[in-house]
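Work through the exercises below with the sequence and the model in view. Try each task before reading its solution.

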Amino acid sequence: MDQISPKIFAYSLVLPFFWLSASFLMTYVFPDFELGGILATLLIVYISLSTICWQFTRNFNRDFSRKEKIRLAIYFLIWSSIIRLISIYGISEKISPNALLITFGVVFALDCLIIISTVFSSSKRINGFFLRKHGLKNA
């Protein structure tokens with residue numbers, strides 16, 4: 001039973017791609033349009049997760065296992081932390097180190113809440129949608 005295991009890290013690369021693309025669009029293409037921080041994070045995570053679920057369902061024709069969801073959430077948190085640290089570093093000269101640490105802690109806690117809840121609650125529903133859609137094509 002040699003089954004190909006999914007490369008969850010490779011799937012997780014979708015998040016920084018969408019996050020950085022959206023950041024670029026909002027900064028340079030639509031500078032007057034402002035999307036709230038929590039709403040923007042939720043939207044980026046949801047779009048990334050939907051893309052990952054679509055690809056995962058096409059390649060493996062199943063839902064994520066619990067272990068794969070945990071790994072995906074951890075990778076998402078690592079990517080969001082890296083992106084947030086780079087963003088916070090950009091304003092580091094204007095704010096004290098203690099304020100930066102508190103800011104990162106609050107943002108990290110919010111990212112944890114958004115990412116973990118989205119990966120564990122939405123992925124099953126999104127994968128189910130694509131499994132039904134994929135199943136209808138194969139029938």
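Predicted model: local features only at pLDDT ≥ 70, side-chain atom pairs only at ≥ 80, totals over all residues.

**Exercise 1. Describe the protein chain as a whole.**

Step 1. List the secondary structure: the protein chain has five helices and zero strands. Along the sequence this reads α-α-α-α-α.

Step 2. Take the dimensions: the C-alpha trace spans about 60 × 30 × 20 Å along its principal axes.

Step 3. Consider burial and surface. Of the 139 residues, 35% count as buried. The accessible surface is about 9,200 Å², and carbon and sulfur atoms account for 68% of it. Such areas come from the Shrake-Rupley method with a 1.4 Å probe; for residues, only the protein chains shown count as cover.

Step 4. Consider the contacts, where contact means heavy atoms within 4.5 Å. Among contacts between residues at least 6 apart in sequence, 82% join residues at least 24 apart.

**Exercise 2. Determine how α2 and α3 pack.**

Step 1. Find the geometry. Helix α2 (residues 14–29) and helix α3 (residues 37–60) pack at an angle of about 135 degrees, and their axes are 9 Å apart. Axes are lines fitted to C-alpha atoms, for helices over the stretch in contact, and angles run from 0 to 180 degrees between N-to-C directions.

Step 2. Name the arrangement: α2 and α3 are therefore oblique to each other. Angles under 35 degrees count as roughly parallel, over 145 as roughly antiparallel, 65 to 115 as roughly perpendicular and the rest as oblique.

Step 3. List the contact residues. On the α2 side are Val14, Leu15, Phe18, Trp19 and Ala22, and they meet Thr41, Ile44, Val45, Ile47, Ser48, Thr51 and Ile52 of α3. By class, this contact of α2 with α3 has nine nonpolar, three polar and no charged residues. Here Ala, Val, Leu, Ile, Met, Phe, Trp, Tyr, Cys and Pro count as nonpolar, Asp, Glu, Lys and Arg as charged, and the others, Gly among them, as polar.

**Exercise 3. Which helix axes cross at roughly 30 degrees, and which residues meet there?**

Step 1. The axes of α2 and α4 cross at roughly 30 degrees and come within 9 Å. That makes α2 roughly parallel to α4.

Step 2. In α2, Leu15, Pro16, Trp19 and Leu20 meet Phe76, Trp79, Ser80, Ile83 and Arg84 in α4. The contact of α2 with α4 divides into seven nonpolar residues, one polar and one charged.

**Exercise 4. Are Ser48 and Thr51 buried or partly exposed?**

Step 1. Ser48 belongs to helix α3. Ser48 counts as buried because its relative accessibility is 0%.

Step 2. Leaving aside neighbours within four places in sequence, Ser48 is in contact with Val14, Leu15, Phe18 and Phe76.

Step 3. Thr51 also lies in helix α3. Thr51 has a relative accessible area of 24%, so Thr51 is partly exposed.

Step 4. Not counting residues up to four places away in sequence, Thr51 touches Val14 and Phe18. Thr51 and Phe30 are 21 residues apart in sequence, and their C-alpha atoms are 24 Å apart in space.

Terms used. Residues numbered from 1 in each chain as written. Heavy atoms only, no water. Helix = DSSP H or I, 4+ residues; strand = E, 2+ residues; numbered from the N terminus. Buried < 20%, exposed > 50% of the residue type's maximum accessible area, 1.4 Å probe, protein only.
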